[in-house]
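User: Hi! Could you walk me through this one? I'd like to start with the ligand contacts.

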Amino acid sequence: MDIIRGACHIAGLSLLLTIVNLVAAATGPAPPSPIETQTPADIADGERLFRVHCARCHGMLGDGGEGPSLKRPTLGHAPDDQALFDVIGEGIQGTGMPGTFGPNDDELWHIAGYVRSLGRLPAEAMPGDPEVGRVLYETKGGCAACHISRGEGQGVGPELSDVGSRRNLEYLRRSLTNPDADFPMLSSRMTGRTNAFLTVRLVSPEGEFEGLRVNEDEFSIQVRDLSGTIRSFDKHTLLNLERAFGHSLMPGYDTVLTPREVDDLSSYLMSLKGDRR
Ligand code: HEC
Ligand code: HEC
C-alpha cells in the first residue's frame, strides 16, 4: 500500500515538476509555490494556526464572519500563492484585515496552504434568489439612497460593489435585520485609512446635525450626512458633540422585508464580488 502511494506520489511530483518547467520555460523562472509540496501534516498545522490567528474574523471553519468566507476558489486579493502569503503576513492596508505577527515564514505558508484547501471545498449554497434580491435592492429596499454599488447610487453608507467578497452570508443578513450589531471598517477607497463607522450627533452654531464620522483630529471633525455630502466642523465652535456608539444610521429591515426577501437580498449581496457588470 505504502509502496503504491509512494509511487503515485513520485509520479505526481514529476508531473508537477514537468508543468513547473514548462511554465518556467514560457515565462522565465518563477519559483514553484511551497504550497504545492505541502503534506497533510503541514495543512493540519495551518488549520491549527488559522484557529489561533484568523478564526475570530473568518470563522472556525473559514466560512467568514467579520471577514469574508475563504471557502472560495479565487480570492481577489490573492490571485496567486505568493500574493496570498503576502496578504496573510502583511494584511490589507486600509481594511479590517490585519497583518499576522508570530508565525514564521514556514508557518505562514502552512496557513496559506490551509486557506487554499478551503477554496477547494464545494461552494456555499445560497438561501434565496439573487435576481429577486437585485430587484428588491432597487425597489422596496431603497438601498441606493445610501449605498454605491457598481457605480450607481450615492450616500452615507459603505460601497457595496464587492461586499460579497468582504463579508459572509450571516453578517449580511444581520446588517439588514439588525444594523446596530456590527460596525464595519471604512474601506480604503473612501478615506485612505482604516476607521470604524461611527454615527455622531453635533450641535454647531448653524444648527443640529447627524451623520457618519469620516475623519477626526484634535481640531476638526468631518461628517458625512445622509445625502453623502461631507462637511467639516471646527471642534471648538461646537456646542455639543455626541458619539453614538452602537447606533446605526442604517434602518433595520426586519419589519419591512419578509424573511424570504431577506434571504433573496442577502443572496444578491453575496453575489457582489467587485467585478464590473
Ligand atoms: C480582525 C479581523 C481579521 C483577522 C484576525 C484576519 N482577517 Fe483576513 N480579512 C479580514 C477582513 C475584514 C477582510 C476583507 C478586507 C477587505 O477587502 O475589505 C479580510 C480579507 C482576507 C483575505 C482576502 C480575501 C479576498 O477575497 O481576497 C484573506 C486571504 C484573509 N483575509 C486571510 C486571513 C488569514 C489567513 C488570517 C489569519 C492569519 C486572517 N485573514 C486574519 C479580517 C480579518
Ligand atoms: C439611511 C441610509 C441607509 C439605507 C437606506 C441603507 N443603508 Fe446600509 N448602511 C448604512 C450605513 C450608514 C452603514 C454603515 C454601518 C452602519 O452604520 O451600520 C450601512 C451598512 C450596510 C452594510 C454593511 C456593509 C459592510 O461593509 O459591512 C450592508 C451589507 C448594507 N448596509 C446593506 C444595505 C441594503 C441591502 C440596504 C437596502 C435594503 C441598505 N443597506 C439601506 C446606511 C444605509
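Analyst: Happy to. An oxygen atom of ligand 2 sits 3.0 Å from an N or O atom in the side chain of Arg167, a polar contact (a pair of N or O atoms within 3.5 Å). This is a predicted model, where local features need pLDDT of at least 70 and side-chain atom pairs count only at pLDDT 80 or more, while totals for chains, interfaces and linings use all residues. Residues are numbered from 1 along each chain as written, chains are lettered from A and ligands numbered from 1 in the order written, and side-chain values use heavy atoms, without hydrogens and water.

User: What about Arg166 and Tyr171, how far are they from an oxygen atom of ligand 2?

Analyst: For the side chain of Arg166, an N or O atom is 3.0 Å from a ligand oxygen. For Tyr171, a polar side-chain atom lies 2.7 Å from one.

User: How many residues surround ligand 2?

Analyst: There are 27, with Cys143, Cys146, His147, Tyr171 and Met250 the closest; a residue counts if one of its heavy atoms lies within 4 Å. They divide into 19 nonpolar, six polar and two charged.

User: And which protein atoms are the donors of the iron atom?

Analyst: NE2 of His147 and SD of Met250, lying 2.0 Å from the iron atom of ligand 2. Donors are N, O and S atoms within 2.8 Å of the metal (3.2 Å for Na, K and Ca); water is not among the atoms, so sites may look incomplete.

User: Where do those two residues lie in the chain?

Analyst: His147 is in the loop between helix H6 (130-138) and strand E1 (148-149), and Met250 is in the loop between strand E7 (240-244) and helix H10 (259-271), so the pair ties together parts 103 residues apart in sequence. Helices (at least four residues) and strands (at least two) are DSSP runs, numbered from the N terminus.

User: Is His147 buried or exposed?

Analyst: His147 counts as buried, at 9% relative accessibility. Met250 is partly exposed at 25%. The cut-offs are under 20% relative accessible area for buried and over 50% for exposed, with partly exposed in between (1.4 Å probe, protein chains only).

User: New topic: how many aromatic pairs are there?

Analyst: A search of the whole structure finds four. In one of them, the rings of Phe50 and Tyr114 have centres 5.2 Å apart and planes at 65°, so the pair is edge-to-face. Rings pair if their centres lie within 6.5 Å; planes under 30 degrees apart are stacked, over 60 edge-to-face and the rest tilted.

User: Are Phe50 and Tyr114 buried or exposed?

Analyst: Both Phe50 and Tyr114 are buried.

Conventions: A polar contact is a pair of N or O atoms within 3.5 Å; within protein, one must be able to donate a hydrogen and the other to accept it, and residues adjacent in sequence count only if both atoms are side-chain atoms. Ala, Val, Leu, Ile, Met, Phe, Trp, Tyr, Cys and Pro count as nonpolar, Asp, Glu, Lys and Arg as charged, and the others, Gly among them, as polar. Rings of Phe, Tyr and Trp (its six-membered ring) pair if their centres lie within 6.5 Å; planes under 30 degrees apart count as stacked, over 60 as edge-to-face and the rest as tilted.
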